[in-house]
Amino acid sequence: MNKQYITTILSILFFDIVICFGQQKPNILFIMTDDHSRHAISAYGSKLVQTPNIDLLAENGILFNNCAVTNAICGPSRAVALTGKYSHINGYKDNRSNFDGNQQTFPKLLQAAGYHTMMIGKWHLHSEPQGFDYWNILIGQGSYYTPSMIENGDTLEIEGYVTDIVTDLSIAQLSARDQKKPFCLMYQQKAPHRNWMPNIKHLELFKNDTLPIPDNFFDDYDTRSSAAKGQDLEVKNMYMSFDMKLDPKTFQDSTENGTGGSKTWDAINSWKNAYKRMSETQKAEWDKYYKPLSEEFYNSSYSEKELAEWKYQRYIKDYLRCIVSVDENLGRMIDYLKETGEWENTLIIYTSDQGFFLGEHGWYDKRFMYEESLITPLIIKLPNKDSASINNDLVMNLDFAPTILDYAGIPAPKDMQGKSLKPVIEGEKLKRKGQYYHYYEFPHGWHSVKKHYGVRTDNFKLIHYYHDSSEWELFDLKNDPQEMNNIYNNTKYTSTQKELHELLIELRLLYKEE
Ligand code: CA
(Lines give C-alpha, C1' and ligand atoms only; values in the text may rest on other atoms or scores of the structure.)
Protein backbone atom coordinates (compact mmCIF):
# COMPACT_ATOMS: atom_id res chain seq x y z
CA MET A 1 0.00 0.00 0.00
CA ASN A 2 1.62 3.28 -1.02
CA LYS A 3 1.91 6.39 1.15
CA GLN A 4 -0.38 8.56 -1.01
CA TYR A 5 -3.20 5.99 -0.75
CA ILE A 6 -2.87 5.75 3.03
CA THR A 7 -3.00 9.55 3.31
CA THR A 8 -6.18 9.73 1.20
CA ILE A 9 -7.90 7.00 3.24
CA LEU A 10 -6.91 8.69 6.49
CA SER A 11 -8.25 12.04 5.36
CA ILE A 12 -11.60 10.51 4.33
CA LEU A 13 -11.80 8.70 7.69
CA PHE A 14 -10.97 11.94 9.47
CA PHE A 15 -13.75 13.77 7.55
CA ASP A 16 -16.24 11.02 8.51
CA ILE A 17 -15.20 11.21 12.17
CA VAL A 18 -15.63 14.98 12.04
CA ILE A 19 -19.11 14.63 10.53
CA CYS A 20 -19.94 11.83 12.98
CA PHE A 21 -19.07 13.93 16.00
CA GLY A 22 -20.90 16.91 14.68
CA GLN A 23 -19.81 20.47 14.62
CA GLN A 24 -16.09 20.40 13.89
CA LYS A 25 -16.50 22.03 10.50
CA PRO A 26 -17.82 25.55 11.10
CA ASN A 27 -21.37 26.47 10.17
CA ILE A 28 -21.63 29.34 7.73
CA LEU A 29 -24.19 32.12 8.02
CA PHE A 30 -23.93 34.45 5.03
CA ILE A 31 -26.08 37.53 5.65
CA MET A 32 -26.70 39.85 2.73
CA THR A 33 -28.95 42.88 2.84
CA ASP A 34 -29.87 44.90 -0.22
CA ASP A 35 -28.53 48.46 -0.63
CA HIS A 36 -27.33 48.83 2.96
CA SER A 37 -24.92 51.76 3.23
CA ARG A 38 -22.12 51.61 5.81
CA HIS A 39 -23.33 55.04 6.88
CA ALA A 40 -26.43 53.35 8.30
CA ILE A 41 -24.51 51.01 10.64
CA SER A 42 -23.43 52.31 14.03
CA ALA A 43 -20.32 50.05 14.07
CA TYR A 44 -19.18 52.15 11.08
CA GLY A 45 -19.85 55.36 13.00
CA SER A 46 -23.30 56.18 11.59
CA LYS A 47 -24.70 59.55 12.64
CA LEU A 48 -28.17 58.37 11.63
CA VAL A 49 -29.08 55.11 13.37
CA GLN A 50 -28.13 52.58 16.04
CA THR A 51 -27.69 48.95 14.93
CA PRO A 52 -26.80 47.08 18.14
CA ASN A 53 -27.00 43.58 16.67
CA ILE A 54 -24.82 44.29 13.65
CA ASP A 55 -22.46 46.01 16.08
CA LEU A 56 -22.38 42.84 18.17
CA LEU A 57 -20.89 41.00 15.18
CA ALA A 58 -18.25 43.74 14.88
CA GLU A 59 -17.52 43.53 18.64
CA ASN A 60 -16.77 39.84 18.17
CA GLY A 61 -15.27 39.96 14.71
CA ILE A 62 -13.45 41.94 12.02
CA LEU A 63 -14.87 45.10 10.53
CA PHE A 64 -13.58 45.85 7.01
CA ASN A 65 -13.42 49.51 6.01
CA ASN A 66 -12.51 49.05 2.35
CA CYS A 67 -14.59 46.22 0.89
CA ALA A 68 -15.31 47.12 -2.75
CA VAL A 69 -17.85 45.45 -5.00
CA THR A 70 -16.92 44.74 -8.63
CA ASN A 71 -20.18 46.08 -10.12
CA ALA A 72 -22.54 48.04 -7.85
CA ILE A 73 -25.93 46.63 -8.73
CA CYS A 74 -28.13 43.94 -7.20
CA GLY A 75 -28.09 40.81 -9.42
CA PRO A 76 -24.50 41.11 -10.66
CA SER A 77 -23.18 41.54 -7.13
CA ARG A 78 -24.94 38.38 -6.00
CA ALA A 79 -23.51 36.44 -8.94
CA VAL A 80 -20.00 37.62 -7.99
CA ALA A 81 -20.54 36.55 -4.36
CA LEU A 82 -21.65 33.05 -5.44
CA THR A 83 -18.93 32.44 -8.03
CA GLY A 84 -15.91 34.47 -6.88
CA LYS A 85 -15.70 35.71 -10.48
CA TYR A 86 -16.19 39.06 -12.22
CA SER A 87 -19.41 39.77 -14.12
CA HIS A 88 -17.76 39.35 -17.53
CA ILE A 89 -16.65 35.82 -16.51
CA ASN A 90 -19.80 34.62 -14.66
CA GLY A 91 -21.97 36.10 -17.42
CA TYR A 92 -24.25 38.27 -15.24
CA LYS A 93 -23.36 41.84 -16.22
CA ASP A 94 -26.60 43.68 -15.48
CA ASN A 95 -30.07 43.10 -14.07
CA ARG A 96 -31.40 41.98 -17.47
CA SER A 97 -29.12 38.95 -17.37
CA ASN A 98 -30.10 35.39 -16.48
CA PHE A 99 -27.70 33.65 -14.12
CA ASP A 100 -26.28 30.42 -15.52
CA GLY A 101 -26.96 28.22 -12.50
CA ASN A 102 -25.01 25.31 -13.99
CA GLN A 103 -21.72 27.01 -13.21
CA GLN A 104 -19.58 26.44 -10.14
CA THR A 105 -20.63 28.27 -6.97
CA PHE A 106 -19.46 28.08 -3.37
CA PRO A 107 -22.75 26.57 -2.06
CA LYS A 108 -22.39 23.69 -4.56
CA LEU A 109 -18.86 23.01 -3.34
CA LEU A 110 -19.99 23.12 0.30
CA GLN A 111 -22.90 20.78 -0.43
CA ALA A 112 -20.56 18.30 -2.11
CA ALA A 113 -18.33 18.44 0.99
CA GLY A 114 -21.18 17.44 3.32
CA TYR A 115 -22.77 20.77 4.22
CA HIS A 116 -26.52 21.23 4.50
CA THR A 117 -27.09 24.26 2.27
CA MET A 118 -30.01 26.72 2.37
CA MET A 119 -30.89 29.93 0.52
CA ILE A 120 -33.70 32.08 1.96
CA GLY A 121 -34.89 35.55 0.91
CA LYS A 122 -33.70 37.85 -1.86
CA TRP A 123 -32.16 35.94 -4.78
CA HIS A 124 -32.73 38.16 -7.82
CA LEU A 125 -30.82 36.05 -10.32
CA HIS A 126 -33.84 35.03 -12.42
CA SER A 127 -32.84 31.37 -12.84
CA GLU A 128 -33.67 28.84 -10.08
CA PRO A 129 -31.11 28.38 -7.30
CA GLN A 130 -28.84 25.33 -7.60
CA GLY A 131 -26.65 23.74 -4.97
CA PHE A 132 -29.13 24.11 -2.09
CA ASP A 133 -30.85 21.41 -0.02
CA TYR A 134 -33.57 23.98 0.67
CA TRP A 135 -34.40 27.26 -1.00
CA ASN A 136 -37.20 29.75 -0.57
CA ILE A 137 -36.75 32.95 -2.54
CA LEU A 138 -38.59 36.21 -3.09
CA ILE A 139 -39.83 36.71 -6.63
CA GLY A 140 -37.76 39.40 -8.36
CA GLN A 141 -37.19 42.38 -6.08
CA GLY A 142 -39.66 41.01 -3.54
CA SER A 143 -42.49 42.89 -1.80
CA TYR A 144 -42.31 44.41 1.68
CA TYR A 145 -45.81 43.18 2.56
CA THR A 146 -47.36 39.76 1.84
CA PRO A 147 -44.45 38.75 -0.39
CA SER A 148 -44.72 36.04 -3.03
CA MET A 149 -42.01 33.44 -2.61
CA ILE A 150 -40.91 30.29 -4.40
CA GLU A 151 -40.17 27.40 -2.05
CA ASN A 152 -38.17 24.65 -3.77
CA GLY A 153 -40.17 25.38 -6.98
CA ASP A 154 -43.65 26.08 -5.52
CA THR A 155 -45.02 29.62 -5.40
CA LEU A 156 -46.57 30.81 -2.13
CA GLU A 157 -47.86 34.11 -0.81
CA ILE A 158 -46.89 34.71 2.81
CA GLU A 159 -48.70 37.15 5.10
CA GLY A 160 -46.63 39.54 7.13
CA TYR A 161 -43.61 41.82 6.78
CA VAL A 162 -40.79 40.60 4.58
CA THR A 163 -37.85 41.08 6.96
CA ASP A 164 -39.67 39.15 9.70
CA ILE A 165 -40.75 36.45 7.25
CA VAL A 166 -37.25 35.81 5.88
CA THR A 167 -36.02 35.46 9.47
CA ASP A 168 -38.92 33.19 10.54
CA LEU A 169 -38.29 30.90 7.56
CA SER A 170 -34.55 30.87 8.21
CA ILE A 171 -34.88 29.96 11.88
CA ALA A 172 -37.47 27.29 11.03
CA GLN A 173 -35.11 25.71 8.50
CA LEU A 174 -32.16 25.85 10.86
CA SER A 175 -34.28 23.92 13.37
CA ALA A 176 -35.60 21.42 10.83
CA ARG A 177 -32.31 20.61 9.10
CA ASP A 178 -30.21 17.48 9.45
CA GLN A 179 -28.40 18.42 12.69
CA LYS A 180 -25.54 16.01 12.02
CA LYS A 181 -24.26 18.15 9.17
CA PRO A 182 -22.68 21.59 9.35
CA PHE A 183 -24.92 24.16 7.69
CA CYS A 184 -24.49 26.99 5.22
CA LEU A 185 -27.40 29.43 5.26
CA MET A 186 -27.62 32.35 2.85
CA TYR A 187 -29.94 34.67 4.82
CA GLN A 188 -30.65 37.47 2.37
CA GLN A 189 -32.97 40.36 3.18
CA LYS A 190 -34.85 42.45 0.61
CA ALA A 191 -34.56 45.45 2.91
CA PRO A 192 -33.53 48.23 2.70
CA HIS A 193 -34.17 48.23 -1.08
CA ARG A 194 -36.38 50.93 -2.62
CA ASN A 195 -39.23 51.80 -1.95
CA TRP A 196 -38.34 51.52 1.77
CA MET A 197 -41.68 50.47 3.28
CA PRO A 198 -41.19 50.15 7.04
CA ASN A 199 -42.74 47.60 9.35
CA ILE A 200 -45.95 49.08 10.83
CA LYS A 201 -44.46 48.95 14.33
CA HIS A 202 -41.56 51.20 13.26
CA LEU A 203 -43.58 53.96 11.58
CA GLU A 204 -43.21 56.38 14.47
CA LEU A 205 -39.41 56.07 14.72
CA PHE A 206 -37.58 59.33 13.91
CA LYS A 207 -41.00 60.99 13.48
CA ASN A 208 -40.07 64.27 15.13
CA ASP A 209 -36.37 64.22 14.28
CA THR A 210 -34.59 66.31 11.69
CA LEU A 211 -31.82 64.05 10.46
CA PRO A 212 -28.49 65.49 9.28
CA ILE A 213 -28.19 66.16 5.54
CA PRO A 214 -24.82 65.41 3.89
CA ASP A 215 -22.92 68.64 3.28
CA ASN A 216 -22.58 67.82 -0.45
CA PHE A 217 -26.35 67.27 -0.87
CA PHE A 218 -26.55 70.29 -3.19
CA ASP A 219 -23.60 69.19 -5.34
CA ASP A 220 -23.40 70.94 -8.74
CA TYR A 221 -21.08 68.24 -10.21
CA ASP A 222 -18.56 70.87 -11.27
CA THR A 223 -15.28 69.28 -12.51
CA ARG A 224 -16.98 65.86 -12.81
CA SER A 225 -17.86 63.94 -16.01
CA SER A 226 -21.03 64.23 -18.09
CA ALA A 227 -22.07 60.93 -16.42
CA ALA A 228 -22.23 62.60 -13.00
CA LYS A 229 -24.15 65.52 -14.46
CA GLY A 230 -26.55 63.38 -16.52
CA GLN A 231 -27.63 60.70 -14.04
CA ASP A 232 -31.17 60.21 -12.76
CA LEU A 233 -30.43 59.51 -9.09
CA GLU A 234 -31.41 62.75 -7.45
CA VAL A 235 -33.45 62.73 -4.25
CA LYS A 236 -35.12 65.95 -5.41
CA ASN A 237 -36.68 64.01 -8.32
CA MET A 238 -38.08 61.17 -6.22
CA TYR A 239 -41.67 60.26 -6.90
CA MET A 240 -44.34 61.68 -4.59
CA SER A 241 -46.26 58.40 -4.76
CA PHE A 242 -43.88 55.44 -4.94
CA ASP A 243 -40.98 56.96 -2.98
CA MET A 244 -42.60 59.56 -0.71
CA LYS A 245 -45.77 57.45 -0.24
CA LEU A 246 -48.16 60.36 -0.41
CA ASP A 247 -51.74 59.34 -0.98
CA PRO A 248 -52.27 59.05 -4.77
CA LYS A 249 -55.93 60.01 -4.34
CA THR A 250 -54.99 63.45 -3.12
CA PHE A 251 -52.77 64.59 -5.95
CA GLN A 252 -52.23 64.48 -9.68
CA ASP A 253 -48.72 65.15 -10.76
CA SER A 254 -47.79 64.56 -14.38
CA THR A 255 -44.17 63.83 -13.44
CA GLU A 256 -45.33 60.69 -11.62
CA ASN A 257 -45.77 58.91 -14.92
CA GLY A 258 -42.36 59.70 -16.23
CA THR A 259 -39.29 57.58 -16.46
CA GLY A 260 -37.06 55.54 -14.21
CA GLY A 261 -33.87 56.58 -15.94
CA SER A 262 -34.27 55.28 -19.50
CA LYS A 263 -37.36 53.25 -18.60
CA THR A 264 -40.94 54.38 -18.97
CA TRP A 265 -42.58 53.77 -15.66
CA ASP A 266 -45.88 54.38 -13.89
CA ALA A 267 -44.95 55.38 -10.34
CA ILE A 268 -48.54 55.79 -9.12
CA ASN A 269 -49.57 52.29 -10.16
CA SER A 270 -46.38 50.80 -8.74
CA TRP A 271 -47.18 52.49 -5.44
CA LYS A 272 -50.81 51.31 -5.50
CA ASN A 273 -49.65 47.74 -6.11
CA ALA A 274 -47.23 47.86 -3.18
CA TYR A 275 -49.89 49.36 -0.88
CA LYS A 276 -52.48 46.79 -1.99
CA ARG A 277 -50.40 43.95 -0.55
CA MET A 278 -51.08 45.08 3.01
CA SER A 279 -53.93 43.57 5.04
CA GLU A 280 -56.86 45.83 5.97
CA THR A 281 -55.49 46.15 9.51
CA GLN A 282 -52.05 47.06 8.21
CA LYS A 283 -53.54 49.62 5.80
CA ALA A 284 -55.44 51.26 8.66
CA GLU A 285 -52.24 51.58 10.75
CA TRP A 286 -50.28 52.75 7.73
CA ASP A 287 -52.84 55.42 6.84
CA LYS A 288 -52.93 56.66 10.41
CA TYR A 289 -49.29 57.69 9.97
CA TYR A 290 -49.03 58.65 6.29
CA LYS A 291 -52.35 60.39 5.62
CA PRO A 292 -51.63 63.35 7.92
CA LEU A 293 -48.26 63.63 6.17
CA SER A 294 -50.00 63.85 2.79
CA GLU A 295 -52.42 66.47 4.06
CA GLU A 296 -49.70 68.51 5.69
CA PHE A 297 -47.68 68.43 2.47
CA TYR A 298 -50.54 69.56 0.25
CA ASN A 299 -51.42 72.36 2.64
CA SER A 300 -47.87 73.72 2.56
CA SER A 301 -45.76 75.40 -0.06
CA TYR A 302 -42.08 74.76 -0.49
CA SER A 303 -39.30 76.39 -2.44
CA GLU A 304 -37.31 74.05 -4.70
CA LYS A 305 -34.57 73.79 -2.06
CA GLU A 306 -37.03 73.18 0.78
CA LEU A 307 -38.79 70.48 -1.24
CA ALA A 308 -35.47 68.67 -1.85
CA GLU A 309 -34.76 68.77 1.88
CA TRP A 310 -38.28 67.63 2.73
CA LYS A 311 -37.88 64.67 0.34
CA TYR A 312 -34.53 63.79 1.92
CA GLN A 313 -36.13 63.61 5.37
CA ARG A 314 -38.97 61.45 4.09
CA TYR A 315 -36.55 59.16 2.25
CA ILE A 316 -33.98 58.74 5.00
CA LYS A 317 -36.53 58.09 7.74
CA ASP A 318 -38.20 55.26 5.84
CA TYR A 319 -34.80 53.85 4.84
CA LEU A 320 -33.64 53.82 8.47
CA ARG A 321 -36.89 52.28 9.71
CA CYS A 322 -36.23 49.37 7.34
CA ILE A 323 -32.69 49.08 8.78
CA VAL A 324 -34.05 48.95 12.33
CA SER A 325 -36.12 45.93 11.30
CA VAL A 326 -33.09 44.26 9.68
CA ASP A 327 -31.09 44.75 12.86
CA GLU A 328 -33.89 43.59 15.14
CA ASN A 329 -34.29 40.41 13.09
CA LEU A 330 -30.55 39.81 13.10
CA GLY A 331 -30.89 39.93 16.89
CA ARG A 332 -33.45 37.11 16.72
CA MET A 333 -31.07 35.09 14.56
CA ILE A 334 -28.17 35.66 17.00
CA ASP A 335 -30.40 34.65 19.93
CA TYR A 336 -31.34 31.45 18.11
CA LEU A 337 -27.68 30.58 17.47
CA LYS A 338 -26.78 31.26 21.09
CA GLU A 339 -29.72 29.26 22.48
CA THR A 340 -28.84 26.26 20.31
CA GLY A 341 -25.14 26.46 21.12
CA GLU A 342 -24.23 27.21 17.51
CA TRP A 343 -23.00 30.80 17.89
CA GLU A 344 -19.43 29.76 18.73
CA ASN A 345 -18.94 27.38 15.83
CA THR A 346 -20.49 29.61 13.16
CA LEU A 347 -18.65 31.81 10.70
CA ILE A 348 -20.92 34.84 10.22
CA ILE A 349 -20.51 37.23 7.33
CA TYR A 350 -22.58 40.43 7.28
CA THR A 351 -22.58 42.35 4.03
CA SER A 352 -24.78 44.13 1.48
CA ASP A 353 -24.90 43.60 -2.29
CA GLN A 354 -23.33 47.06 -2.52
CA GLY A 355 -23.34 50.43 -0.78
CA PHE A 356 -25.91 53.18 -1.31
CA PHE A 357 -26.14 56.96 -1.56
CA LEU A 358 -27.91 58.44 1.45
CA GLY A 359 -28.13 61.95 0.02
CA GLU A 360 -24.41 62.31 -0.75
CA HIS A 361 -24.08 64.27 -4.04
CA GLY A 362 -27.86 64.76 -3.72
CA TRP A 363 -28.43 61.11 -4.65
CA TYR A 364 -30.03 57.82 -3.69
CA ASP A 365 -29.31 54.45 -5.39
CA LYS A 366 -25.86 53.10 -6.35
CA ARG A 367 -24.15 52.14 -9.71
CA PHE A 368 -21.38 54.76 -9.67
CA MET A 369 -17.85 53.84 -8.69
CA TYR A 370 -17.95 56.60 -6.07
CA GLU A 371 -17.22 55.56 -2.48
CA GLU A 372 -20.79 55.44 -1.09
CA SER A 373 -21.88 52.91 -3.70
CA LEU A 374 -18.59 51.03 -4.34
CA ILE A 375 -17.72 50.28 -0.71
CA THR A 376 -20.03 47.80 0.95
CA PRO A 377 -20.23 46.88 4.64
CA LEU A 378 -18.33 43.73 5.55
CA ILE A 379 -18.15 42.30 9.06
CA ILE A 380 -16.88 38.76 9.71
CA LYS A 381 -17.35 36.91 13.00
CA LEU A 382 -14.98 33.96 13.14
CA PRO A 383 -15.87 30.49 14.37
CA ASN A 384 -14.55 29.76 17.86
CA LYS A 385 -12.48 32.92 18.12
CA ASP A 386 -13.12 36.43 19.38
CA SER A 387 -11.45 39.08 17.29
CA ALA A 388 -12.61 42.65 17.68
CA SER A 389 -10.46 44.24 15.03
CA ILE A 390 -10.55 46.62 12.09
CA ASN A 391 -9.08 45.91 8.68
CA ASN A 392 -8.26 48.53 6.05
CA ASP A 393 -7.00 46.26 3.23
CA LEU A 394 -8.38 46.50 -0.31
CA VAL A 395 -10.73 43.51 -0.02
CA MET A 396 -13.59 42.80 -2.44
CA ASN A 397 -16.84 40.88 -2.74
CA LEU A 398 -14.85 38.69 -5.15
CA ASP A 399 -13.17 37.31 -2.02
CA PHE A 400 -16.32 36.04 -0.28
CA ALA A 401 -16.47 32.62 -1.99
CA PRO A 402 -12.77 31.69 -1.54
CA THR A 403 -12.90 32.90 2.09
CA ILE A 404 -15.94 30.78 2.95
CA LEU A 405 -14.42 27.72 1.27
CA ASP A 406 -11.14 28.24 3.13
CA TYR A 407 -12.90 28.29 6.52
CA ALA A 408 -14.76 25.12 5.50
CA GLY A 409 -11.43 23.45 4.70
CA ILE A 410 -12.10 23.30 0.96
CA PRO A 411 -9.42 24.55 -1.44
CA ALA A 412 -10.79 27.34 -3.67
CA PRO A 413 -10.87 26.31 -7.34
CA LYS A 414 -8.11 28.00 -9.33
CA ASP A 415 -10.54 29.78 -11.65
CA MET A 416 -12.05 31.81 -8.78
CA GLN A 417 -10.68 35.34 -9.16
CA GLY A 418 -10.88 36.46 -5.54
CA LYS A 419 -8.56 35.69 -2.63
CA SER A 420 -9.29 34.00 0.69
CA LEU A 421 -9.30 36.56 3.48
CA LYS A 422 -8.35 33.93 6.09
CA PRO A 423 -4.60 34.69 5.90
CA VAL A 424 -5.44 38.41 6.08
CA ILE A 425 -7.59 37.84 9.15
CA GLU A 426 -4.69 35.89 10.65
CA GLY A 427 -2.35 38.84 10.20
CA GLU A 428 -0.96 38.83 6.67
CA LYS A 429 -1.21 41.95 4.52
CA LEU A 430 -3.48 41.42 1.51
CA LYS A 431 -1.48 41.43 -1.71
CA ARG A 432 -3.66 43.57 -4.00
CA LYS A 433 -2.49 46.76 -5.67
CA GLY A 434 -5.93 48.03 -6.57
CA GLN A 435 -9.63 47.21 -6.78
CA TYR A 436 -10.93 46.88 -10.33
CA TYR A 437 -14.55 47.86 -11.04
CA HIS A 438 -16.85 47.72 -14.08
CA TYR A 439 -20.50 48.86 -14.35
CA TYR A 440 -22.40 48.00 -17.55
CA GLU A 441 -26.13 48.87 -17.27
CA PHE A 442 -26.53 51.65 -19.85
CA PRO A 443 -28.39 52.90 -21.85
CA HIS A 444 -31.18 50.38 -21.14
CA GLY A 445 -31.04 50.49 -17.32
CA TRP A 446 -32.66 52.46 -14.55
CA HIS A 447 -31.23 55.78 -13.39
CA SER A 448 -29.14 56.64 -16.46
CA VAL A 449 -25.67 55.98 -15.13
CA LYS A 450 -23.21 55.62 -17.98
CA LYS A 451 -21.00 52.55 -18.32
CA HIS A 452 -17.64 52.92 -16.66
CA TYR A 453 -14.70 51.03 -15.27
CA GLY A 454 -11.84 52.02 -13.03
CA VAL A 455 -9.36 51.27 -10.31
CA ARG A 456 -9.18 52.28 -6.64
CA THR A 457 -5.99 52.15 -4.59
CA ASP A 458 -5.37 53.11 -0.95
CA ASN A 459 -5.13 56.78 -1.90
CA PHE A 460 -6.55 57.34 -5.39
CA LYS A 461 -9.29 56.41 -7.81
CA LEU A 462 -9.26 56.53 -11.62
CA ILE A 463 -12.56 56.16 -13.53
CA HIS A 464 -13.16 55.87 -17.29
CA TYR A 465 -16.60 56.56 -18.81
CA TYR A 466 -16.59 55.20 -22.32
CA HIS A 467 -20.13 54.71 -23.66
CA ASP A 468 -20.58 57.64 -26.04
CA SER A 469 -17.47 59.64 -25.25
CA SER A 470 -14.21 59.04 -23.45
CA GLU A 471 -14.06 60.89 -20.12
CA TRP A 472 -11.77 60.32 -17.16
CA GLU A 473 -12.02 61.19 -13.48
CA LEU A 474 -9.20 61.06 -10.95
CA PHE A 475 -9.77 61.57 -7.22
CA ASP A 476 -7.38 62.04 -4.32
CA LEU A 477 -9.25 59.97 -1.72
CA LYS A 478 -7.21 61.12 1.26
CA ASN A 479 -7.60 64.84 0.59
CA ASP A 480 -10.99 64.69 -1.12
CA PRO A 481 -12.90 61.73 0.39
CA GLN A 482 -16.22 63.05 -0.90
CA GLU A 483 -14.88 62.98 -4.51
CA MET A 484 -15.90 66.52 -5.31
CA ASN A 485 -12.80 67.56 -7.24
CA ASN A 486 -11.80 65.70 -10.39
CA ILE A 487 -8.02 66.18 -10.72
CA TYR A 488 -7.53 64.32 -14.00
CA ASN A 489 -4.83 66.08 -16.05
CA ASN A 490 -3.85 68.23 -13.07
CA THR A 491 -0.06 68.47 -13.52
CA LYS A 492 0.54 68.02 -9.80
CA TYR A 493 -0.68 64.42 -10.19
CA THR A 494 0.97 63.52 -13.52
CA SER A 495 3.01 60.58 -12.19
CA THR A 496 0.08 59.23 -10.10
CA GLN A 497 -2.18 59.42 -13.14
CA LYS A 498 0.35 57.50 -15.23
CA GLU A 499 0.75 54.81 -12.55
CA LEU A 500 -3.02 54.36 -12.26
CA HIS A 501 -3.38 54.01 -16.03
CA GLU A 502 -0.70 51.30 -15.96
CA LEU A 503 -2.38 49.54 -13.03
CA LEU A 504 -5.72 49.65 -14.82
CA ILE A 505 -4.19 47.89 -17.85
CA GLU A 506 -2.52 45.34 -15.56
CA LEU A 507 -5.77 44.55 -13.70
CA ARG A 508 -7.83 44.29 -16.88
CA LEU A 509 -5.32 41.71 -18.13
CA LEU A 510 -5.26 39.89 -14.77
CA TYR A 511 -9.05 39.58 -14.64
CA LYS A 512 -9.31 38.70 -18.36
CA GLU A 513 -11.33 41.81 -19.26
CA GLU A 514 -10.65 42.72 -22.88
CA1 CA B 1 -28.84 46.18 -4.25
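User: Which residues does N486 touch, not counting residues up to four places away in sequence?

Analyst: In this predicted model, N486 touches T223, R224, W472, E473, L474 and F475, where contact means heavy atoms within 4.5 Å. Residues are numbered from 1 along each chain as its sequence is written, local features need pLDDT of at least 70, side-chain atom pairs count only at pLDDT 80 or more, totals for chains, interfaces and linings use all residues, and side-chain values use heavy atoms, leaving out hydrogens and water.

User: Why is N486 called buried?

Analyst: Buried means under 20% relative accessible area, exposed means over 50%, and partly exposed is in between (1.4 Å probe, protein chains only). N486 has a relative accessible area of 16%, so N486 is buried. N486 lies in the loop between β16 (471-476) and α14 (494-510); helices (H or I, at least four residues) and strands (E, at least two) are DSSP runs, numbered from the N terminus.

User: What makes α8 and α9 oblique to each other?

Analyst: Helix α8 (residues 267-276) and helix α9 (residues 280-298) pack at about 125 degrees, with their axes 10 Å apart. The axes are lines fitted to C-alpha atoms over the stretch in contact, and angles run from 0 to 180 degrees between N-to-C directions. Angles under 35 degrees count as roughly parallel, over 145 as roughly antiparallel, 65 to 115 as roughly perpendicular and the rest as oblique. The angle of about 125 degrees falls in the rest, and α8 and α9 are therefore oblique.

User: Which residues of α8 and α9 meet?

Analyst: W271, Y275 and K276 in α8 meet K283, W286 and D287 in α9.

User: What makes a set of residues a nonpolar core?

Analyst: A nonpolar core is a set of buried Ala, Val, Leu, Ile, Met, Phe, Trp, Tyr and Cys residues joined through side-chain atoms within 4.5 Å. The largest such core has 77 residues, and those with the most contacts inside it are L57, L185, W286, Y315, Y319, L320 and Y350. Helix α10 (residues 304-339) gives the largest share of this core, 16 residues. Apart from it lies another core, of 41 residues, among them A113, W135, L405 and V424.
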